[in-house]
Amino acid sequence: MFERSPIKFKLTEGISCLDPAVAMNETLASKRLSSCLEILLANNWISGNEADKIDFQFKSILKSPGVNDLLKAYNRSSRLDHFWLNIIDSGHEFQEFKNFCQFVLILSHGNATVERGFSINKECLIHNQTEESLIALRSVHDAVVTAGGISAVKINKDLVHSARNAHGFYTEALKHKEKLEEMHNQQKFEKKIAEKKLKELQLKKVKLLADAEKQVSLINEEMKLFKK
């Protein structure tokens, strides 16, 4: 299991140069950054010029006043990308290093969020549930989570208006669904008629061809009599 772990990969080790604990050791951080840049260069993800700028900018950042204190004070519950981007600030002086951070840090994002969504969907599912109902339940769930819990949901005018008109929305949606179903049935009926008509024409064609072949055969027989 350990052999297949991502920590055994050279790129993973290289990306660890952005770990504040590693970055406090400038020599180690520079070595791991170089390893990471070599891999990016080998895969043509960055140019040689960009690699040189990233290396220079990273070393410049580490030597900047106050950065070492920020590295020591880093809280691992905080997002690493926010930590580095706050240090870089919004200027263009470290643009290449900023792009580098955004590129390599996204590689570590897993599928936890997607898989968690599947688990939530499974909990929401009930017998004979429509797709629209599941989507609605997920929308409500996500809104509550985003708000910070049920007690944190703000009851505003829009929410009250939606609640009061919920039955009207349902009736309108039901009518729309019935209309779509009616159109679908009409198209299905017309298709069935067309298929029936096509089948009749095909049978008629076969009969006409058979009659024509019979007539041709009779004519050929008559022609043979005259040739004698």
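Q: What makes the meeting of Phe-58, Ile-61 and Leu-62 in H4 with Trp-84, Ile-87 and Ile-88 in H6 a contact?
A: In this predicted model, contact means heavy atoms within 4.5 Å. Phe-58, Ile-61 and Leu-62 of H4 meet Trp-84, Ile-87 and Ile-88 of H6 on that basis. By class, the contact of H4 with H6 has six nonpolar, no polar and no charged residues.

Q: Why is H4 called roughly perpendicular to H6?
A: H4 and H6 (residues 80–88) pack at an angle of about 80°, and their axes are 11 Å apart. Angles of 65 to 115 degrees count as roughly perpendicular. H4 is therefore roughly perpendicular to H6.

Q: What makes H4 roughly perpendicular to H7?
A: The axes of H4 and H7 (residues 95–105) cross at roughly 95° and come within 8 Å. The range that counts as roughly perpendicular is 65 to 115 degrees, so H4 is roughly perpendicular to H7.

Q: Which residues of H4 and H7 meet?
A: Lys-53, Ile-54, Gln-57, Phe-58 and Ile-61 in H4 meet Gln-95, Glu-96, Phe-97 and Phe-100 in H7. The contact of H4 with H7 comprises five nonpolar, two polar and two charged residues.

Q: Why are H3 and H4 described as roughly antiparallel?
A: H3 (residues 26–42) and H4 (residues 48–63) pack at an angle of about 160°, with axes 10 Å apart. Angles over 145 degrees count as roughly antiparallel. H3 and H4 are therefore roughly antiparallel to each other.

Q: What is the handedness of the crossing of H3 and H4, and which residues meet there?
A: The crossing of H3 and H4 is right-handed. On the H3 side, Glu-26, Ala-29, Ser-30, Leu-33, Ser-34, Leu-37 and Leu-41 take part. Their partners in H4 are Gly-48, Ala-51, Ile-54, Asp-55, Phe-58, Lys-59, Leu-62 and Lys-63. By class, the contact of H3 with H4 has eight nonpolar, three polar and four charged residues.

Q: Which residues lie nearest the centre of the largest pocket, and how many residues line it?
A: The largest pocket is lined by 19 residues, and Glu-132, Ser-133, Ala-136, Val-140 and Ala-166 lie nearest its centre. The space in this pocket is about 700 Å³. A lining residue has an atom within 4 Å of a point of the pocket. By class, the lining divides into twelve nonpolar, four polar and three charged residues.

Q: Which element gives the most to the lining of the largest pocket?
A: The elements that give two or more residues to the lining are H9 (131–147), H10 (157–164) and H11 (166–227). H9 gives the most, with eight residues.

Key:
Residues numbered from 1 in each chain as written. Predicted model: local features only at pLDDT ≥ 70, side-chain atom pairs only at ≥ 80, totals over all residues. Heavy atoms only, no water. Axes fitted to C-alpha atoms, helices over the stretch in contact; angles between N-to-C directions. Helix = DSSP H or I, 4+ residues; strand = E, 2+ residues; numbered from the N terminus. Parallel < 35°, antiparallel > 145°, perpendicular 65-115°, else oblique. Left-handed = near helix turned anticlockwise from the far one by under 90°. Nonpolar A, V, L, I, M, F, W, Y, C, P; charged D, E, K, R; others polar. 1 Å grid on protein atoms, 1.4 Å probe; cavity = no way out; pocket = protein on both sides within 12 Å on 5 of 7 lines; lining within 4 Å. Points joined across faces, edges and corners; volume = space filled by probe spheres on them.
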